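Reader: I have a structure open and would like to go through it piece by piece. Can you take my questions as they come?

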Amino acid sequence: MTRVLIVDDHRLFRSGVRAELGDSIEVVGEAEDVDSAVKAITELQPDVVLLDVHMPGGGGQEVLRRVLGSGSQVRFLALSVSDAAEDVIGVIRGGARGYVTKNISGKELTDAIRRVSEGDAVFSPRLAGFVLDAFASSEAPPIDPELDSLTQREREVLRLIARGYAYKEIAKELFISVKTVETHVSSVLRKLQLSNRHELSRWATARRLV
Amino acid sequence: MEGRLIGGVAQGLATQLSLDPVVIRLMFVLLSVVDGIGMVAYAVLWMIAPKQPYQGTAPPQRDWSQLAAFSAIGVALLAFGWLTGASQGGIGMLPFAVGGIGALILWQQADPERRKTWMSGAALSMRKNRVRSLLGVVLVVIGATGFLAAQGELAQASQGLLFTAVVVGGLAVIAAPWLAGLWKELQLERRERIRQEERAEVAAMVHDSVLHTLTLIQRVAHDQREVTRLARAQERDLRNWLYQPAQDADATVAAAVRRIAAEEEDAHGVPIEVVCVGDIDLDSAGKLAAMLKASRQAMVNAAKYSGSPSISVYAEVEGEEVTIFVKDRGKGFDFEAVPLDRMGIRESIIGRMERHGGAARVRTEPGEGTEVMLTMKVEKA
């Protein structure tokens with residue numbers, strides 16, 4: 001049984017998620033702003049925190065900073081209506097292990113929570129698109145080749161995610177196991193979080209210009 | 001310009017200076033009598049003064065009787081001047097005119113409401129248009145110096161000028177803090193105005209789209225499909241407004257794919273998720289336009305026949321290759337069993353792509369959904 005805390009400033013949305021989640025998930029609590037979220041996480045020690053990106057008091061990134069900064073091992077799945085690259089890349093680099101949009105179905109969300117609780121990463125098609133875009137080959141040579149570029153296989157996996165393939169379908173397509181797909185995605189997540197590739201933040205910010 | 005007699009210059013000046021136009025006209029007449037400076041000034045102002053578009057239905061009528069009256073006054077004064085020799089102002093009058101025009105340029109560039117605030121701090125108004133301000137100041141100074149020089153009194157006046165400079169300097173020191181305060185207040189007011197404009201834009205957006213959609217939704221509450229479609233369309237609009245850079249949908253592939261997906265989503269009520277990586281301008285040869293048409297057909301097919309709850313579209317530009325995937329999780333079909341006369345896939349997608357030098361591949365199996373893959377090579381501009 002995965003223990004989940006829902007952090008979102010919209011009560012309607014919290015109860016909606018609660019109702020949609022499958023039997024394999026136990027919602028241990030809810031929080032509606034940064035302070036109450038940090039408090040609830042410390043007290044309840046959930047397996048996975050469903051984290052809204054936009055909230056009063058600094059948003060999801062502030063929760064990540066305060067909780068992960070204190071050395072906690074709690075895993076975060078970011079959940080947002082926002083498609084903005086800056087938000088998406090921001091929470092992932094802040095330490096979230098996945099990013100899904102709020103129009104995700106209950107079944108898919110249950111799946112994503114299970115994955116995050118097992119230490120894997122969860123990418124929405126759009127996040128995969130962002131990563132492909134941000135890591136697209138550029139003139140500037142990478143500073144750290146291991147962290148600053150994607151392998152051919154990782155690129156293939158991301159492209160299939162962006163095309164709307166589920167992990168199982170990707171595994172079938174590439175003749176690899178689902179576990180291998182998960183490993184690739186986790187590796188991309190690690191690069192996304194640790195890479196100092198300067199294009200990354202600049203690219204995300206530039207995306208915001210409307 | 002309403003109420004003009006010749007070029008509307010006097011009328012315009014009168015509005016700018018909040019004076020009676022008759023006064024201005026008399027001034028021009030007077031100055032014209034003295035060496036014709038008034039006419040020159042009138043002509044110059046006619047050329048440089050900003051025009052105010054005429055707002056009214058009937059064409060503006062000149063009041064010929066007034067024009068005649070002013071002409072009469074002019075002629076009379078001219079005659080008087082000749083008789084008495086009073087018009088021999090000589091070259092000394094010219095600087096007056098130059099200075100006067102300079103001052104007028106300075107004056108007329110500030111808009112009326114702000115001029116009231118700036119009356120006492122004329123220096124502040126100069127920020128708005130430095131070139132014109134500078135020109136005005138230079139003309140005023142030249143005018144003043146020229147006048148003194150022509151009168152041969154520049155040497156005597158130097159004492160007075162020094163005194164004036166000291167007084168002006170003193171005044172500046174006294175007024176500086178107050179001017180700074182005024183400046184700050186102006187900046188604040190400007191920022192507030194920008195904020196208000198932004199708020200107004202958001203309010204307009206919310207009113208035009210969100211409120212409108214909510215009203216529509218209440219009206220069609222019994223039709224679940226329609227409600228979903230409306231909500232989805234509104235969501236997409238808001239998203240674009242908030243997060244997408246303003247793009248011309250006819251200019252690049254990514255923008256065009258997004259627009260097509262939006263249109264088909266609206267038409268068929270099936271959500272279409274679009275992910276774009278990279279972008280390229282549409283080519284002139286129409287290759288990409290054909291590819292976009294094929295992608296639209298693929299989206300239509302998926303929305304109409306697959307029964308899939310959602311459709312994924314992925315468009316990627318890598319180097320000189322453009323690829324578009326349209327995938328659904330619907331019922332799929334047996335490609336070999338499609339009758340040859342069914343135009344949807346064979347002609348509109350595969351045929352069209354091949355005719356333009358691209359390729360299309362369809363992967364489908366009953367129960368496995370369908371994915372259409374379109375590729376096209378283009379030369380990068």
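Author: Start with two helices of chain A: H3 (residues 59-69) and H4 (residues 85-94) pack at an angle of about 10 degrees, with their axes 9 Å apart. That makes H3(A) roughly parallel to H4(A). Angles under 35 degrees count as roughly parallel, over 145 as roughly antiparallel, 65 to 115 as roughly perpendicular and the rest as oblique.

Reader: Which residues in H3(A) and H4(A) meet?

Author: A:Gly60, A:Gln61, A:Leu64 and A:Arg65 in H3(A) meet A:Gly90, A:Val91 and A:Gly94 in H4(A). By class, this contact of H3(A) with H4(A) has two nonpolar, four polar and one charged. Here Ala, Val, Leu, Ile, Met, Phe, Trp, Tyr, Cys and Pro count as nonpolar, Asp, Glu, Lys and Arg as charged, and the others, Gly among them, as polar.

Reader: And the ground rules?

Author: This is a predicted model, in which local features need pLDDT of at least 70 and side-chain atom pairs count only at pLDDT 80 or more, while totals for chains, interfaces and linings use all residues. Residues are numbered from 1 along each chain as its sequence is written, and chains are lettered from A and ligands numbered from 1 in the order in which they are written.

Reader: What do "helix", "axis" and "contact" stand for?

Author: Helices (H or I, at least four residues) and strands (E, at least two) are DSSP runs, numbered from the N terminus. Axes are lines fitted to C-alpha atoms, for helices over the stretch in contact, and angles run from 0 to 180 degrees between N-to-C directions. Two residues are in contact if their C-beta atoms, placed from the backbone, lie within 7 Å.

Reader: How many helices and strands are there in chain A?

Author: Chain A has 11 helices and six strands.

Reader: Where does UniProt place the modified residue?

Author: The unreviewed UniProt entry puts "modified residue: 4-aspartylphosphate" at A:Asp52. UniProt positions are given in the numbering used here, feature names are shortened, and annotations may be inferred rather than shown by experiment. A:Asp52 is in strand S3 (residues 48-52) of chain A.

Reader: Does A:Asp52 count as buried or exposed?

Author: Buried, because A:Asp52 has 26 C-beta neighbours inside 10 Å. Leaving aside neighbours within four places in sequence, A:Asp52 is in contact with A:Val7, A:Asp8, A:Asp9, A:Gly60, A:Leu79 and A:Ser80. A:Gly60 is also one of the H3(A) residues that meet H4(A).

Reader: At what angle do H8(A) and H10(A) pack?

Author: H8 (residues 152-162) and H10 (residues 178-194) of chain A pack at about 100 degrees, with their axes 10 Å apart. They are therefore roughly perpendicular to each other.

Reader: Switching to chain B. What does its secondary structure come to?

Author: Chain B comes to 12 helices and five strands. Of its 381 residues, 24% count as buried.

Reader: What order do the strands of its sheet have?

Author: The open sheet of five strands has the order S1-S2-S3-S5-S4 (chain B), with mixed pairing. Two strands pair if DSSP finds at least two bridges between them. S1 (272-277) and S4 (359-364) of chain B stand at the edges, each with a single partner strand, so one side of each is left without a neighbour in the sheet.

Reader: How many bridges join S2(B) to S3(B)?

Author: Eight, and S2 (residues 311-318) and S3 (residues 321-328) of chain B run antiparallel. One pair of bridge partners is B:Val317 with B:Val322 in S3(B).

Reader: What touches this sheet from chain A?

Author: H6(A) packs on the sheet, touching S1 and S2 of chain B, and its direction makes about 10 degrees with that of S1(B). H6(A) is mostly covered, with 10 of its 10 residues buried.

Reader: How many residues of the two chains are in contact?

Author: 14 residues of chain A are in contact with 13 residues of chain B. Helix H6 (residues 125-134) gives the most to the chain A side, with five residues. That side divides into seven nonpolar, three polar and four charged.

Methods:
Buried ≥ 20, exposed ≤ 12 C-beta atoms within 10 Å, placed from the backbone.
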